[in-house]
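Subject: Structure for you to look at

Hi there,

Here is the structure I promised to pass on. Please open it alongside this email and have a look before reading my notes.

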Amino acid sequence: MKKSLLIVAAMTMSMGAFAQESAFVDTETLFAGMEMTVVGQDSKGADVMGYNLAAGAVLCSSENVDMVTPYDNIGYKATALAGEADNAKAVNIGGTEYKATTGVQGQMNPSPAPTLTSCPTAGAVIQFNVKKDGFLYAICKLSSNKQYYVWEGTAVSNPPVMAYTYTQHLLKAGPEGAMDINYTLPADADGYFTAAQDPSNIYCDGTGLRWPEKIAWGADIADQKINGLGIISFPVYAEAGTYLLHAQGSKVTIDGFVFSESKLDASVVTETAGINGVVADKAEAASVKKYVENGKVVIVKAGKKFNVAGAQLK
């Protein structure tokens, strides 16, 4: 099943790409006639408000994909994916630009907390029901200090973790002036991620996935906690039919998705000027390279080696 999709993807590179499908949440229609209610309490005991949607409520749909809520009465609200100060307000997927619009944010954290072998059975989780093999690109507001999971199947069936691609443009610069996080989880022959694919514990701590910032700059980097527009993309298969996406320690924020039968290039579209008019030096950024040496992230800049804290290495 997985290999056949890879063959199809390779064929489309020489024959031309399939048409893209996309769908986005219309929050005015979704919440029309509903009233916000108390859906829980936050860590300080304050009431959390949201619109309660039943399991299976359709958030948006394309021809071959439905984006729905998998669990009852979680509570959602309308949330913008990009603020006025953000220098990224759109994504480019397969040559088509999609503006980041107002999406939905779940108001209750997923629970119980996941491991690499167990999926939450409640909370703010997004479900995709797919009818055709292809590639799905979820357009989200992402946080560099939250774990993200994509599961093939349902929580009841103890689903495997998909080896997804994470792409985020940061609201402010991270270590060494980095404005982007971009990586793909290593996969086994069937496209799944397990601790066995990560012997150096770069992507996981042995039981669960690491924060994106810890993956990008090393587990020993100081906490960055940066938001930003991004994309989580992964292959989907009609035979499996169901995929779950969520953030852990936070509520996933999403406004829609793009689906294609062929794999597409995907990136975040940025304006020329960054936050407060600061312009990134693209030539300098391009010269910065990163790799892993003895389980540690090494940054090479201007021919010199540095660790993620900025200290020069011999």
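Below is what turned up, starting with the whole chain and then going through its parts.

First, some housekeeping. This is a predicted model, so to speak of a local feature a pLDDT of at least 70 is needed, and side-chain atom pairs count only at pLDDT 80 or more, while totals for chains, interfaces and linings use all residues. Residues are numbered from 1 along each chain as its sequence is written, and side-chain values use heavy atoms, with hydrogens and water left out.

**The chain as a whole**

The secondary structure comes to four helices and 23 strands; these are DSSP runs (helices H or I, at least four residues; strands E, at least two), numbered from the N terminus. Of the 314 residues in the chain, 49% are buried. Buried here means under 20% relative accessible area, exposed means over 50%, and partly exposed is in between (1.4 Å probe, protein chains only). The chain exposes about 14600 Å², and carbon and sulfur atoms supply 51% of that area; accessible areas come from the Shrake-Rupley method with a 1.4 Å probe, and for residues only the protein chains shown count as cover. Among contacts with a separation of 6 or more, 69% are between residues 24 or more positions apart, a contact being heavy atoms within 4.5 Å.

Strands count as paired if DSSP finds at least two bridges between them. β7 (residues 88-93) and β8 run antiparallel and are joined by four bridges, with I93 standing opposite T96 in β8.

**Salt bridges**

How many salt bridges does a search of the whole structure find? There are three, taking a salt bridge as a side-chain nitrogen of Lys or Arg within 4 Å of a carboxyl oxygen of Asp or Glu.

- K89 pairs with E271, and their closest N and O atoms are 3.4 Å apart. This pair links distant parts of the chain, with K89 in strand β7 and E271 in the loop between β20 and α4 (282-287), 182 residues apart. K89 is partly exposed at 25% relative accessibility, and E271 is partly exposed at 42%.
- E261 pairs with K132, with the closest N and O atoms 3.7 Å apart. Here too distant parts of the chain are linked: E261 is in the loop between β19 (253-260) and β20, K132 is in the loop between β10 and β11 (134-143), and they are 129 residues apart. E261 has a relative accessible area of 23% and is partly exposed; K132, at 31%, is also partly exposed.
- D223 pairs with K214, the closest N and O atoms being 2.9 Å apart. D223 is partly exposed at 45%, whereas K214 is buried at 12%.

**A hairpin and a nonpolar patch**

Strand β2 (residues 37-41) is joined to β3 (residues 47-50) by four bridges, and the two run antiparallel. T37 stands opposite G50 in β3. The two strands form a hairpin with five residues between them, and G45 in the turn has a positive phi of about 85°.

V38 lies in β2 and is partly exposed, with a relative accessible area of 43%. Together, M36, V38 and M49 make a nonpolar surface patch of about 240 Å². Patches are made of residues with over 30% relative accessible area and no salt bridge; like charges are joined within 9 Å, and nonpolar side chains (Val, Leu, Ile, Met, Phe, Trp, Tyr) within 5 Å.

**Backbone points to check**

Most residues other than glycine have a negative phi, and most peptide bonds are trans. Three places are worth a look against that background:

- The peptide bond from S111 to P112 is cis, with omega near -10°. P112 is in the loop between β9 (102-106) and β10 (126-130).
- N158 is not a glycine, yet its phi is positive, near 50°. N158 sits in the loop between β12 (147-152) and β13 (161-162) and is partly exposed at 47% relative accessibility.
- K225 also has a positive phi, about 55°, and is found in the loop between α3 (212-217) and β17 (227-236).

Best wishes
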